[in-house]
Structure formats: structure tokens, C-alpha cells
Amino acid sequence: MRNHDSATAPTPVAAGGLGLASIGVLIYSFTFPGTEFGLEGLDPYVIGVGRSAAAAGLAAIALLAVRARRPRRDQLPGLAVVCAGVIFGFPVLTTLALDRGASSGHSAVVIGLLPAATAVLAVLRAGERPSRAFWLASGAGAACVTGFALVRGAGRLTVGDLLLFAALLAAAAGYAEGARLTRDMPGWRVISWALVLAAPVTVPVTGWLLATTDPNWTGRAALGFGYVTAFSAYLGFFAWYEGLARAGIARASQVQLTQPVLTLVWSALLLEESIDATTALAAVGVLVCVALTQRTRVRRDAPAARGRVRSVPDDLYQQRDDPDAHADRDGDPGRGGAQGGGAHRGDQDHQGARAEQGFRFGPVRSSSHDARPPSR
């Protein structure tokens, strides 16, 4: 009964997850205005690809600072999805949409469909089962955004809208897969490895674009590019992926329905875009939907195999980890940890876990992973 109650009632960890997700949304809400700044002097492809190339340098420094072990082979497919979704797909497609004439405010409202798309992928990929009320509220938000796009396009979807819809699908895949990986390794490491793995493509392409597009590094262009590089492409994921993993992908992703409203405010203040009645009404509609989704219940399927948690506390990720699948968030398989690796391997794991705590969100209690291995 106790386990059942803890699964259905809100917990401090879930609330903390929503808080972290909200920080991520606040950071992302400046992305479209920052991109608009960058487009004043830079080619859209320089922004879409170049921001990931520059962020890869920050990621490499962070990984080297904690001597992070390389991802396991079974984690590489998930990281590939993250690369395709949030390293290439979303940045390039949204930048092209803005370059094709979609305003920052219009783009933000259309991207309001992203939480619904993320929730669908969470069901398909991460084993989450939202309630019927959750789906109704999410569907209402999606209908609100779609209606807004049709009204703006005089009854049809523009090229910019199609690019934005493709971008939100790419982002939803990257968010859902990244949050699933965050149950195995810290969220900051997920985005860091994705950026580093994509660097052999993003870095040379960016160099070629800079050499052939004649960029004009005005103050606003440099400021916008710097923001989307440091915050939108990298630091925002620290809070976002951790929030998705703690509170649940489907529920935490609904916090992003507030992003259009925030972006509209920044667009009016920074870009002097006018906010008309239609845009304001759509923004209010998504705010109502996010309030409804947060009051509905999302349950997770119980894992098929139950075992003792070895490196992640139960209350941190709200699940019992399968020791064979992902007992070690630092990259070791469940049965290849301290007990099977000897004293020398156990000391390395202990030191690595301590070195990484500065990058984790929330308290980290000692566990069997922190304990020294038994003498042979």
C-alpha cells in the first residue's frame, strides 16, 4: 500500500523535477528572440549548426573536468536520437522558419504543440501511461495551437509552420530519449556526450559555412549567437533533462506549455513585436491547458525485474532500477560494478562519483555504489 500511495501522490522529488523543468523552460523561452538577434548578421545554417559546434567545446571541457567514462554501447542509439532531434533537427528547422518570415511570437505559439508530442513519445518509449484527463488537456492545447496557426495562415499552413511542426517532432524525440537516458546517467552528461558525438559533423560544417557566407558579427548578432550556444544548446538541458527524469516525461513536459507566453513577452520587449488579441487568446488557452495537465495523474509501468538500487536513490527517479539494465549511472552495467570489479575498480568508481556531484541537481545520498568493495 505504501508503494502504491507514493506512486500516485505528488512527492518532493516530483515537485523538484517540475521546478527544474521550469528553469529549463525559462532558458528556452529566450531562444527565438536570441535567434532573431543572430539572424541580423548570420546565415541561418551558421546559427542552426554552429551553435552546437561551439557548445561541443563547453561539453568537452565539462566531461574532461570529471574524467567522465565513455557511454556504453547500448546507450549510443539513444544518444544518436538526441543528436538527430536537439542537435540538428530542432535548431536548424526553427532557424529556417524564422528566416522564412515566421515571427518569434508566432513560432513560440506553434511550438506549444511540443509537450503533447513529447507525451506521446513518452508513452511509446519510456513506459509512461498518462490518464484520460491528461490526454484531453494535452489535446486541447494542441487544438488551440493548431487553430492559431490556421487563423494566422488564412486557413492554411505556411512553409514556416511546416518547418516548425517538423522541428517540434524532432525536439520531442530528443527530449523523450534524453530523459530516458537520464535515468542511466546525469542529465548534463547526456547532452554533453550528444554534442561531442555530433562534433565531427558540426565543427567542419560550421567552419565551411563561416568561410562561405560572409558573416556580419554585429553586437546583437554576437549576443544572440552566444545565448543560443551557451544556454539553448547546452546549459538549459542540465535542468530540463533532470526535470523530465524526476517528475516524469509526460507530466514535466507540460510545463513547456508556458514557454509561448514567456517568449511572447520577450519578443514584445526585445524585438518590439506587437501582441494582438488572437496571439494573446492562444497564449491564455495553453496556460489553461498546462494548469489542467498538472492536476492529472501519470503513472509509470512497474519494471519487469526488481532489484536493489545500486547507484540512484529510489526517491530521486521514482522507480526501482533493474541492476542488469542501468544500475550504474556512471556508465557501468549493473553486474560489472564494485562487487565484480575488485578493489581497484571500486576505488575509481568511488572517486568518479564524488567528482561528479558538483554537476548533479539535488541531494545525493550514499548507496552501495559509494561503498568500498568487500575484500576478496
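In the predicted model, Ser104 lies in helix H6, which spans residues 104-110. This serine is buried, with a relative accessible area of 0%. Beyond residues up to four places away in sequence, Ser104 touches Phe32, Pro33, Glu36, Leu98, Thr263, Ser267, Leu271 and Glu273.

The largest nonpolar core comprises 78 residues, and those with the most contacts inside it are Tyr175, Ile191, Tyr234, Trp240 and Tyr241. Helix H11 (residues 219-247) gives the most to this core, contributing 12 residues. A second, separate core consists of five residues, among them Val109, Phe148, Leu264 and Ala283. Contacts of Tyr234, with residues up to four places away in sequence left out, are made to Ala55, Leu58, Ala59, Ala62, Trp188, Ile191, Ser192, Leu195 and Thr229.

Aromatic pairs number 12 in total. One of them, between Tyr175 and Trp240, is edge-to-face, with 5.3 Å between ring centres and 65° between the planes. This pair links distant parts of the chain, since Tyr175 belongs to helix H9 (residues 159-182) and Trp240 to helix H11, 65 residues apart. Both partners are buried: the relative accessible area is 4% for Tyr175 and 0% for Trp240. The pair of Tyr227 and Phe231 is stacked, because the ring centres lie 4.9 Å apart and the planes meet at 20°. These two residues are both in helix H11, four residues apart, or about one turn of the helix. Phe231 is partly exposed, at 33% relative accessibility.

A single aromatic cluster is formed by Tyr28, Tyr175, Phe237, Trp240 and Tyr241.

Note on methods
Residues are numbered from 1 along each chain as its sequence is written. This is a predicted model: local features need pLDDT of at least 70, side-chain atom pairs count only at pLDDT 80 or more; totals for chains, interfaces and linings use all residues. Side-chain values use heavy atoms; hydrogens and water are left out. A nonpolar core is a set of buried Ala, Val, Leu, Ile, Met, Phe, Trp, Tyr and Cys residues joined through side-chain atoms within 4.5 Å. Buried means under 20% relative accessible area, exposed over 50%, partly exposed in between (1.4 Å probe, protein chains only). Contact means heavy atoms within 4.5 Å. Rings of Phe, Tyr and Trp (its six-membered ring) pair if their centres lie within 6.5 Å; planes under 30 degrees apart count as stacked, over 60 as edge-to-face and the rest as tilted.
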